[in-house]
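Hi there,

Here is the structure I promised to pass on to you.

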Amino acid sequence: MSRAFLNKIYVLYILLVLAKICQSQKHTIDSLKKVLNVTKDDSVKCNILSLLTEISEDNEWEFFNTQLFELSEKNLSLNTSHKNFFIKHYTSALTGMSFIAQQKGDIKSALNFNHKSLKLSQQINDSIGVANALNNIGAINDGQGNLNQAIGYYNECVKLLESRSDKKELAYVLNNIANIYQKQKKTLLAINYFEKSIQLLQQSNEKSIIANSLNNLASLNLKLNNFQPALEYGNKSLKIYEELNSQKGISLALNNISSILLKQGKSSMALSLAKRSFKISDSLGYPDNIERAATVLYNVFTELKNYSEALKMFEISVKMRDSLINNENNKALIRTQLKYEYEKKAASDSLKVAEEKKITTFKLKQEQTQRLYLYVGLCLTALFGIFMFNRFRITKKQKNIIEYQKKIVEHQKHLVDEKQKEILDSIRYAKKIQLSLLPTESYIKRILNKIK
């Protein structure tokens, strides 16, 4: 049984225990945090962090995603035996990092994160990861107004999802493509893709997406003056929104239906539905909904020649439009500020890294210099040792020579002493002989005395 499989069982066991002992999501999160703090296994930590990014609050998920990003990246650099396991978690974290970058207005980094995720997912043949990355890149390009590029990535995603028979995800992507064609005013193409998306979602529980697609189909058919299908789509959309009790959705559907009825000449019915839409929008307080509802009522009152009411609705519509423009400007300002703060922090981090790099380089040079001095010192010590050893050998050799010469001298001295003794002995012996041969002094005196 592989380690990765055991880890999955371990995490599953934890979740089952948590499901029994926890009464709320907060308790579940707290329990997962405790397990995260005590476990030493990185694969288990990755599983837990992945869960926490999905169920934690908005103010915490970014922290857990960053932890998952760093932990999985560390294990990739270690080249562990479960590399594919950590790559999947890493690509998931990259998606989160992309979202964080988008929130800060750093679109370039967001795209880089997704392209990196795409490359790694392709490397391990993770078709789900590839599809997610393609869809995310398409969505970012869509948001930036690069519609043709967005469609290119979406179409690649569609091909992959069709090969996997992933109907639900395929429906989402088709819906995205339909929205782009709607922006480009390619009405027939938009209708085609919305219809395909709805067909795939019919058996799913994604009612809000179906209702939104039906409402879009109502608008598109209205543009083509296909009033009957437009009205059918609008009524279907309204019915689903009412089931979901989505007041915003109900307001949007009523706007479409009232516009269709107005085109059909059914002004009274259109007025009733338009008033209902405006009342809901006004209670919700969303400027965009109020602006749409007011515009529809303006058209209805104008058709009914009720110009005073039409003027009121026109003024409300303009006011809401100005409010929307101001909101967009504020959002753009906030995004710019966030981007500035992000770039400022990135620049600060870059300077910090550069400074740390300088310090590290300086320390490395110091260490290299110290090592050089150490090696030179060792070499000099070795040379001095060799020199001293040679001097010792020479001194010892000279001492041996001197001692040998001393012995020779002593030996010669001994020979000389012996010769000298021999000579002295010979001299003494000769002297004794001479003395024995010569007459004594008393004898000579006697002879002389006799001669006298």
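Predicted model: local features only at pLDDT ≥ 70, side-chain atom pairs only at ≥ 80, totals over all residues.

**The cores**

The largest nonpolar core has 62 residues. Within this core, the members that touch the most others are Val173, Ile177, Phe278, Leu297 and Val300. Helix H9, residues 167–183, gives the core its largest share, with eight residues. There is also a second, separate core of 29 residues, and Cys46, Ile87, Ala101 and Leu120 are among its members.

Leaving out residues up to four places away in sequence, Phe278 touches Ile290, Ala293, Ala294, Leu297, Met313 and Ile316.

From there you can move on to Ile290, which sits in helix H15. Is Ile290 buried or exposed? Its relative accessibility is 7%, and buried means under 20%, so Ile290 counts as buried. Apart from neighbours within four places in sequence, Ile290 is in contact with Phe278, Ser281, Asp282, Gly285, Ile316 and Met320. Met320 is 30 residues away from Ile290 in sequence, yet the two C-alpha atoms are 6.9 Å apart in space.

**Salt bridges**

As you know, side chains of opposite charge can pair when their charged atoms come close. How many salt bridges are there in the model? The count comes to nine, and here are some to look up.

- Lys183 and Asp142 meet through their side chains, with 2.8 Å from N to O. Lys183 belongs to helix H9 and Asp142 to helix H7 (residues 127–143), so this pair ties together parts that are 41 residues apart in sequence. Asp142 counts as buried, at 12% relative accessibility.
- Glu291 forms a salt bridge with Arg321, and their closest N and O atoms are 3.2 Å apart. Because Glu291 lies in helix H15 and Arg321 in helix H16, the pair ties together parts that are 30 residues apart in sequence. Glu291 counts as buried at 15% relative accessibility, whereas Arg321 is partly exposed, with a relative accessible area of 38%.
- Asp288 and Arg292 form a salt bridge at 3.9 Å, N to O. Both lie in helix H15 (residues 287–303), four residues apart, or about one turn of the helix. Asp288 is partly exposed with a relative accessible area of 21%, and Arg292 also counts as partly exposed, at 38% relative accessibility.

**The surface**

If you turn to the outside of the model, you will find a nonpolar patch made of Leu372, Val376, Leu380, Leu383 and Ile386. Together these residues have about 480 Å² of accessible area. Ile386 lies in helix H16, which covers residues 307–437.

**One more helix**

Helix H4 covers residues 58–78 and has 21 residues. How far does H4 reach from its first C-alpha to its last? The span is 31 Å, close to the 30 Å expected at 1.5 Å a residue. The buried residues of H4 are Trp61, Phe64, Asn65, Leu68, Phe69, Leu71, Ser72, Asn75 and Leu76.

Notes
Residues numbered from 1 in each chain as written. Heavy atoms only, no water. Core = buried A, V, L, I, M, F, W, Y, C linked by side-chain atoms within 4.5 Å. Buried < 20%, exposed > 50% of the residue type's maximum accessible area, 1.4 Å probe, protein only. Helix = DSSP H or I, 4+ residues; strand = E, 2+ residues; numbered from the N terminus. Contact = heavy atoms within 4.5 Å. Patch = residues over 30% accessible without salt bridge, like charges linked within 9 Å, V, L, I, M, F, W, Y side chains within 5 Å. Areas by Shrake-Rupley, 256 points an atom, 1.4 Å probe, with all protein chains shown as cover. Salt bridge = Lys/Arg side-chain N within 4 Å of Asp/Glu carboxyl O. Expected span 1.5 Å × (residues − 1).
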